[in-house]
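Subject: Structure handover

Hello,

Here is the structure for you to look through. My notes follow it.

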Amino acid sequence: MHINSRNDTKRSTTQRRLKSTCLLIIGLISIVVSLPVFGSAYTINRRPIDLIHRRQSLSRHSSESSVVLQHPHSLDHLLPWNPIQPPTQQLLLRRDISATPVTPLEDLVKRLLPVPYHSHFLFTLRPDLSTNSATNIHDPFRIYNNNDQGGGSQTIAIEGGTLSALGAGLNYYLKQVCKVEMTWSGDRFDQLPAVPPLIPAEAGVDGVVRASFVPWRYYMNVVTFGYSFAFWDWERWQRELDWMMLTGINMALAMVGQEYVIRKFYENQGLSNEDISDFLGGPAFMPWQRMGNTQGSWATQNDTAFKNEWINSQWELQGQILKRMQAFNITPIMPSFQGFVPRKLPGKYPSVKFDTSSVWAGMPKEFTQVTFLPSTDALFTTLSQQFIQLQKTMYKERGIDMDAKAQNFYLLDLYNEMIPTCTTPDCLKATTGGVMRAFKVADPKAVWAMQSWFLLNRDLWKDPQIKAYFEGIREVNNGRDAFVVDLYADVAPLWTTTEGFYGIDWGWSMLNNFGGGQGFYGTLPSLLTEPFKGYQQPAKSMRGMGITMEGINNNEYLYQLIFDLPWQSVETTYPTAFAAPAPKPGAYSLQQQALNAQAHLEEYIKRRYGPDNTTPAMLEAWTTLSQTVWDCKTGQMSQSKGIISSTPALNMVREGFMTSIMWYDQTKVVGAWRQLVDSTETEESNMRRRRHSVIQNSIEAVIMASNGRSSEIPQSLSSPSLLQPFTNWVRDAFQSTVGQARLSTNRLQGEREGEGEKIVIGRLSGSVKEAKAEKSVGGSDSAFFAKVSLPLNISSFQYDLVDVTREVLVGVVLPGLQRELVDAYKAKDLDRTRAWGQSVLDVILDTDRLLSTHTHFMLGPWIQDARVSAKVVADSPTASSPAAMNQYRDYLEYNARNQITWWGPNGQASLADYASKEWGGLVKEFHYPRWQIFVDRLVSAVETRSTLDYKAFLADSLRKEAGWMKETTCLGGCYDDPASSSSLSVAIGDPEVTSKYPVEAVEDAVLVAQDMLDKWGMVAVRLAQASKK
């Protein structure tokens, strides 16, 4: 019996193994047969595309703009969503972090670096890697020369305790050894040494060892998804994720596409598509709807169809983003049930008491006062559980396991810029306690992540209220399942007044930017010290560092600095507070010096421009800028807002938040600008420049004369011409100098003769690269630009040159000229009013010309990205109608235009110009007309000896703005419909309108910056000096 039993058992076991093997083979075959590529483009359906014909050729987005999805709401049939993964991949998603494969990092190397570097690195995950430090213990990495390769070649070995550590280690090698760095504005990877360099010998036998003093290095603000990320495609997201990986970021918000889950969630609650659409925001405004500030869309009366198309495509994009985040082991902070609900939901629960939030930012009530469900109601817990489980299920259906980690982070901001309906400590404690318990019911691994921004309203949030708020959180697991982002710790830290958030885990964050504006701003000295002070706070609960700017592409150095700091040894920085611990067996010493702020800045600039291209003058200029624009000592809470993008007025001084006052020493900033621009000069450029144009000298003389300094006017300017009427000699100056020679507002090609040589001074659009390569006629054999010795063709250098020049023109020159204009108007001096008015308008147009030399400062790419993000489903009415496709793109363009101007349904309202940008195209077509109307009305008032009718000006200006808001372009392509009327073709995508907003640089940034210095340099000096008075 026992023998037979054993034989039966063996036979049964063999059969089971054979069956399992067969099933595995069948499964693998089915995978090979049906396996689509997750990151591929949308499924192409030829039939609808055949009906859609281009009006004009498409740009780099052309391959995406014509593709269509397969189903309006269910994405089950989409190829990019791969519901089946190889069993090994499924296993890896659930395995411990130590088993995470390094393939994603190797793929990153192949995407970003030249071919010689593709096989240059040996990445090894070492969970046992540790340091001889009591502080810097998280995500350690070690880099050393690997000498075990055959054939005498060497590679760079990078070991890391986590995949994030390996990414940070690779970045260390690129920055410190190769002297290159990836930033938003460029990377110089194409200038890497042909032969990959080795780690210097001074690193010793252990190589370089580093570790972070915080476990989390996080990124993003909720509103960054509106001000910067709104219209990104996968290509742009992939680059951002690569940058995040190199920077060591291991936690980030994952907000894209959440409306797809929200829509399904409320469909399950029995709401109609229209009811849900009335709740959801427009594509450029979804972040504020997510936080309960706004609801609905003001783009068109009924945008349900377009909104659904947008939601579907964003859900597809989110799948690609999350897939890569998981591959990089970046922890996502996911959406949760926020409590803010559609207006029609209370009708489904008549016995439950819902409430209404406060009006937000002066918005019309129909778009704010959002209905919400108190967290103290049992239904809140029920809906929280349903939402989170639905979200997990929907991602799992697409092959993404949201339970792969030990903790799941969810974002919930209860009171973002709103007034709570109850403010007593007991009520607040019950509210947060209710949220915390709901989270743990919905997901036992849940961690509540929140932004601390709302607590800055100290008129409302007194110490008892704040403490009660966090006491409610501490009722569950003593608060260990919460994470507070101290959003504004760089300027208004809350950890200092809350005893480190009463022991709850928190992260030190730099906000620095509002509305995505480009103004320089920073508190550099405090950035170098305050995070370390937060780490030493007695509660010892600082667990992260990060950046939470509202918009990117500004003040790049400061953001890069914040992600360098966690890898700085705390014990070296504060040796008296942290004694070096006893050596640990098998651990590595950090051997790290304290951070030298000046050296850190200079090394950054050298990586940015190239060590051999960076001149002492460039370093000196940036040292001055770091001590001025990045060292705000006035207590100002944000960057200043340039008056160029504000509605003109007689008094443009705006105090308080986002003031119009430039806090820095303008004379030093102007000096640094002049030094930076002068550092670009070559023998060729010197011949085309006129350092002191007559117009500059003329304006300088007027400033001197008006300040009672006539005796200081140079002899060359104290001619009888100064006795002429003001308007005559200013006009003559314009006609005889750069004012005549510079490019016209249409940017036609211009030339001027000089010293017997013809010098090219400007070109249109696609000729920029050709212009760079041209040589001066009759000149030397050297290229027109000294490419070898100066960084003139490097994108990041051009970005900086435009940025600093922009700051001077917008922050110094324009405000100074506006003051002179107003003084002339008040004095009823017609000649001076006309002349200063013309100067104001001229510098605005010159600013637009400057901004149009770099794509980061141009409106065209923003509009094009919005329009080409119009991806549709095959069976929808939008896909089958070229007219509807054009309308969908126009809808997205309106969203893009509205956010950066009106920010709402009406112009000149409370949020108008909050998110305005100093962008080429926007300045000329939206802001300049307002100033032109203002100047004309001032001149008219002086002519008629009357006062400015400001209300009439506002009405004229608003009509002009409204006309611009209705414009549509053909950027990214439009569709012709043979059946449509000619009037439709004319109305949609007017080529003349499209041409106003180029998507590539119009001129060379270096040439134009030099022109701006030649024209406005001395004027800027004088106006900066006058500002001190």
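Start with helix H21. Its buried residues include His600, Leu601, Tyr604, Ile605, Arg607, Arg608 and Tyr609. Buried means under 20% relative accessible area, exposed means over 50%, and partly exposed is in between (1.4 Å probe, protein chains only). Helices (H or I, at least four residues) and strands (E, at least two) are DSSP runs, numbered from the N terminus.

Before going on, two notes on the source. This is a predicted model, where local features need pLDDT of at least 70, side-chain atom pairs count only at pLDDT 80 or more, and totals for chains, interfaces and linings use all residues. Residues are numbered from 1 along each chain as its sequence is written, and side-chain values use heavy atoms, with hydrogens and water left out.

Back to H21, which covers residues 597–609. What do its buried residues pack against? They are in contact (heavy atoms within 4.5 Å) with helix H6 (163–177), H19, H22 and H29. The length of H21 also checks out. The expected span is 1.5 Å times one less than the number of residues. At the start of H21, a side-chain oxygen of asparagine 596 comes within 3.1 Å of the backbone nitrogen of glutamine 598. That is a polar contact: a pair of N or O atoms within 3.5 Å; within protein, one must be able to donate a hydrogen and the other to accept it, and residues adjacent in sequence count only if both atoms are side-chain atoms. Just after H21, glycine 610 has a positive phi of about 110°.

Now take H19, residues 556–564. Nine of its nine residues are buried, so H19 is largely enclosed by the rest of the structure. Among them are Tyr557, Leu561 and Phe563.

Next, the core. A nonpolar core is a set of buried Ala, Val, Leu, Ile, Met, Phe, Trp, Tyr and Cys residues joined through side-chain atoms within 4.5 Å. The largest one has 283 residues, and Tyr219 and Phe470 have the most contacts inside it. Helix H29 (residues 795–826) gives the largest share of this core, 15 residues. Leaving out residues up to four places away in sequence, Phe470 touches Met450, Leu455, Val484, Phe501, Tyr502 and Ile504.

Then look at strand E4, residues 138–146. Eight of its nine residues are buried. Which strands does E4 pair with? Two strands pair if DSSP finds at least two bridges between them. E4 runs antiparallel to strand E6 (residues 208–212), over four bridges. There, isoleucine 143 has valine 208 as its bridge partner. E4 is also antiparallel to strand E5 (residues 155–160), over six bridges. Tyrosine 144 stands opposite alanine 157 in E5.

Last, serine 685 in helix H24 (residues 683–688). Serine 685 counts as buried, at 6% relative accessibility. A polar atom of its side chain lies 2.7 Å from the backbone nitrogen of threonine 682. Setting aside neighbours within four places in sequence, serine 685 is in contact with Thr680 and Gln1010.

Best wishes
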